[in-house]
Amino acid sequence: MNVYADNAATTAVSDAAVAAMLPCFQEFYGNPSSLYTTGQLAAEKLAAAREVFARGLNAQPREITFTSGGSEADNQALRSGAAMGARKGKKHIISTKFEHHAILHTLQALEKEGYEVTLLDIPPDGVVTAQQVRDAIRPDTCLVSIMFANNEIGTVQPIGEIGDVCREAGVLFHTDAVQAAGHLAIDVEALHIDMLSMSAHKFHGPKGVGVLYARRGIALENVIYGGAQERGKRAGTENVPGICGAAAAFAEACANLEKNAAYVTPMRDKLIAGLSAIPYSILNGDPVRRLPGNVNFCFEGIEGESLLLLLDAKGIAASSGSACTSGSLDPSHVLLALGRPHEVAHGSLRLSLSEYNKPEEVDYILEVLPGIIQYLRDMSPVWDELEKGHRPHLI
Ligand SMILES: *Cc1c(COP(=O)(O)O)cnc(C)c1O
């Protein structure tokens with residue numbers, strides 16, 4: 001059986017998204033900036049897509065900027081918030097230790113440019129509190145950036161409460177909602193969100209299309225310079241096919257939000273219950289306040305990479321952390337922030353489901369996984385020492 005259980009890394013493109021893209025390649029191929037009809041037809045497609053995102057977020061079309069992906073949207077949001085702060089002499093930014101590298105590495109770059117960054121600690125349940133944000137805000141704080149849902153452990157943050165704290169303090173609030181968009185309801189007005197990033201390929205849209213929501217009045221900084229596309233804030237001929245595919249996927253996801261969550265959540269919970277029964281295993285992140293499809297465990301005495309290879313041999317695609325860190329030997333910064341020791345963080349497994357998965361696939365995972373864990377532990381010198389009591393169990 002082939003099981004794709006890495007939907008937090010990327011998703012299959014939906015039929016609706018493909019259907020929306022195809023005519024853009026050969027029929028509506030015009031440049032949206034061109035004045036003749038062929039160009040204007042493409043411009044109309046673009047405007048319709050912008051409407052879809054605005055409606056889905058409870059925003060205005062002019063508050064939507066299309067980018068090349070979630071990473072670019074994150075970069076632009078942080079640079080814009082930082083620049084607005086600097087103009088008022090405020091150069092302190094608050095974020096968290098378990099953000100995506102698109103946020104963390106941009107913050108490192110901003111630190112080199114003279115900004116001061118506070119990264120909040122991650123509580124053991126993987127949910128940052130609004131009180132932590134309130135305590136960290138200073139008179140010179142210009143921007144708070146906290147992810148909506150974590151990409152590795154799936155925990156959902158109290159975005160509305162954090163939005164309230166920021167609004168009260170007069171500080172801009174950005175959220176990296178790449179994992180949440182299309183999976184959880186998002187209302188930027190109700191949640192007091194000033195900027196928000198999303199990425200189409202995480203909700204069954206194409207890769208290479210991101211969306212940055214920025215509340216009217218926010219002066220976006222250019223990350224890409226050139227032509228006057230996207231109100232002059234993001235140069236480059238628009239990726240019309242990709243953007244139309246993204247909009248179709250987002251409309252579909254928003255229309256089926258509750259239905260998909262009701263279908264995926266029981267599969268997640270069955271996996272959590274089944275994997276919890278494996279000795280010396282631990283669930284990472286709160287069992288309930290997490291994305292409908294996210295399961296993340298650490299297994300003691302296991303190397304995550306070996307586990308992935310053996311799962312792949314059984315037809316199961318999973319992850320041991322974020323796609324960006326796999327391939328390196330460093331344990332996940334998210335699991336370390338959560339307080340897992342290095343040895344334990346190395347033995348991690350993320351299974352991320354979508355509405356494309358079937359209950360039989362979950363049964364299959366639960367059928368093969370315990371045996372693979374046992375096989376790896378039987379070969380592991382570390383497990384041998386743990387078994388003999390020569391080293392203490394950490395889980
Ligand atoms: C995938 C992801 C990104 C990056 O999005 P791309 O479109 O791949 O650049 C950023 N943040 C989070 C939380 C993600 O999961």
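**Group meeting: a short tour of one model**

Let's start with one residue. R231 has a relative accessibility of 43%, so R231 counts as partly exposed. Some terms: buried means under 20% relative accessible area, exposed means over 50%, and partly exposed is in between, with a 1.4 Å probe and protein chains only.

A word on the model. It is predicted, so local features need pLDDT of at least 70 and side-chain atom pairs count only at pLDDT 80 or more, while totals for chains, interfaces and linings use all residues. Residues are numbered from 1 along each chain as its sequence is written, and side-chain values use heavy atoms, with hydrogens and water left out.

Back to R231. Where is it? R231 sits in the loop between strand 8 (210–214) and helix 7. Helices (H or I, at least four residues) and strands (E, at least two) are DSSP runs, numbered from the N terminus. The phi of R231 is near 55 degrees, which is positive, and R231 is not a glycine.

H192 also has a positive phi, about 55 degrees, and is not a glycine either. Find H192 in the loop between strand 6 (172–176) and strand 7 (195–199). Its relative accessibility is 22%, so H192 is partly exposed.

Is R50 buried or exposed? R50 is buried, at 14% relative accessible area. Set aside neighbours within four places in sequence, and R50 is in contact (heavy atoms within 4.5 Å) with P61, I64, T65, F66, E230 and R231.

Next, helix 1, residues 15–26. Its residues A17, M21 and C24 are buried. Why do they line one face? Down the axis of helix 1, the buried residues fall within an arc of 55 degrees, so they line one face of the helix. That arc is taken from the directions from the helix axis to the C-beta atoms. On the face turned away from the buried side of helix 1 are the exposed residues D15, L22 and Q26. Helix 2 and helix 7 (240–255) are among the elements that cover the buried residues of helix 1.

Now a strand. S145 lies in strand 5 (residues 141–145). At 0% relative accessibility, S145 is buried. Beyond neighbours within four places in sequence, S145 contacts L78, I94, S95, T96, E99, I103 and H174. The C-alpha atoms of S145 and I93 are 7.8 Å apart, though 52 residues separate them along the chain.

Last, the ligand. How many residues surround it? There are 13, and the closest are S71, D176, Q179, S199 and K202. Near here means a heavy atom within 4 Å. The shell holds two nonpolar, eight polar and three charged residues. Nonpolar means Ala, Val, Leu, Ile, Met, Phe, Trp, Tyr, Cys and Pro; charged means Asp, Glu, Lys and Arg; the others, Gly among them, are polar. Helix 3 (residues 70–87) gives the most to this shell, three residues.

Look at D176. One of its polar side-chain atoms lies 2.7 Å from a nitrogen atom of the ligand. For Q179, a side-chain N or O atom is 2.7 Å from an oxygen atom of the ligand. For K202, a side-chain N or O atom is 2.8 Å from an oxygen atom of the ligand. On its own the ligand has 380 Å² of accessible area, and the protein covers 87% of that. Areas come from the Shrake-Rupley method with a 1.4 Å probe; for residues, only the protein chains shown count as cover.

Technical notes
A polar contact is a pair of N or O atoms within 3.5 Å; within protein, one must be able to donate a hydrogen and the other to accept it, and residues adjacent in sequence count only if both atoms are side-chain atoms.
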